[in-house]
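Here are my notes on this one, point by point. Have the model open while you read.

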Amino acid sequence: MSPPELPFGGDMLYARPMLPAFSDIEAEWDAALDWDERYAYLIALGRSLEPMEAALKTAATKVPGCSANVWVYPIHDSETLRFQADSDAAITKGIVALVVAMAEGKTPGQVLTTDFQGAIDRLGLRQHLSSNRTQGLPNMIARVREAASRLAA
């Protein structure tokens, strides 16, 4: 199990990691031998999120109902959506990275038809994470869908 690769190789001090596509995440997840490796991968995914600007961490971008602080900010980039997201808890940050990876680079219409719950269920997260860690997951998904819905209108 390897953490997400840095673009162009190099050192974390000089190159920002990139969030992999969800299909790549699923492939790595399936290749993991045990849940300790999956937890480590989840934490690495969180670290691969683009750093979120402090000015974007507001009440408007904060996801309600999460045991940790979670923020999600949509960016409409021509036809597709991108997101800045962050959390102050490592595993929760990995969970929001999974949600963002499912929506990243898609049109608002594609995001609205994405089966977030089915994808999360395929990973088996609910069975292996505490309810505190997954209680905000539906709200993270709702925040991403809400942004797509606004932009699709």
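1. The largest cavity holds about 40 Å³ of space. A cavity here is a set of points on a 1 Å grid, over the protein atoms alone, where a 1.4 Å probe fits but cannot get out; the volume is the space filled by probe spheres set on the points. By this rule there is one cavity of 30 Å³ or more.

2. A word on the source: this is a predicted model, with local features needing pLDDT of at least 70 and side-chain atom pairs pLDDT 80 or more, while totals for chains, interfaces and linings use all residues. Residues are numbered from 1 along each chain as its sequence is written, and side-chain values use heavy atoms, leaving out hydrogens and water.

3. What lines the largest cavity? Cys66, Ser67, Ala68, Thr92, Asn132, Arg133, Gly136, Leu137 and Met140 do, each having an atom within 4 Å of a point.

4. Now the helix pair. The axes of α1 (residues 22-31) and α2 (residues 35-47) come within 9 Å and cross at roughly 155 degrees, with axes fitted to C-alpha atoms over the stretch in contact and angles running from 0 to 180 degrees between N-to-C directions. That makes α1 roughly antiparallel to α2 (over 145 degrees).

5. Who touches whom? From α1, Asp24, Ile25, Glu28, Trp29 and Asp30 meet Trp35, Arg38, Tyr41, Leu42 and Leu45 of α2 (heavy atoms within 4.5 Å).

Terms used: Helix = DSSP H or I, 4+ residues; strand = E, 2+ residues; numbered from the N terminus. Parallel < 35°, antiparallel > 145°, perpendicular 65-115°, else oblique. 1 Å grid on protein atoms, 1.4 Å probe; cavity = no way out; pocket = protein on both sides within 12 Å on 5 of 7 lines; lining within 4 Å.
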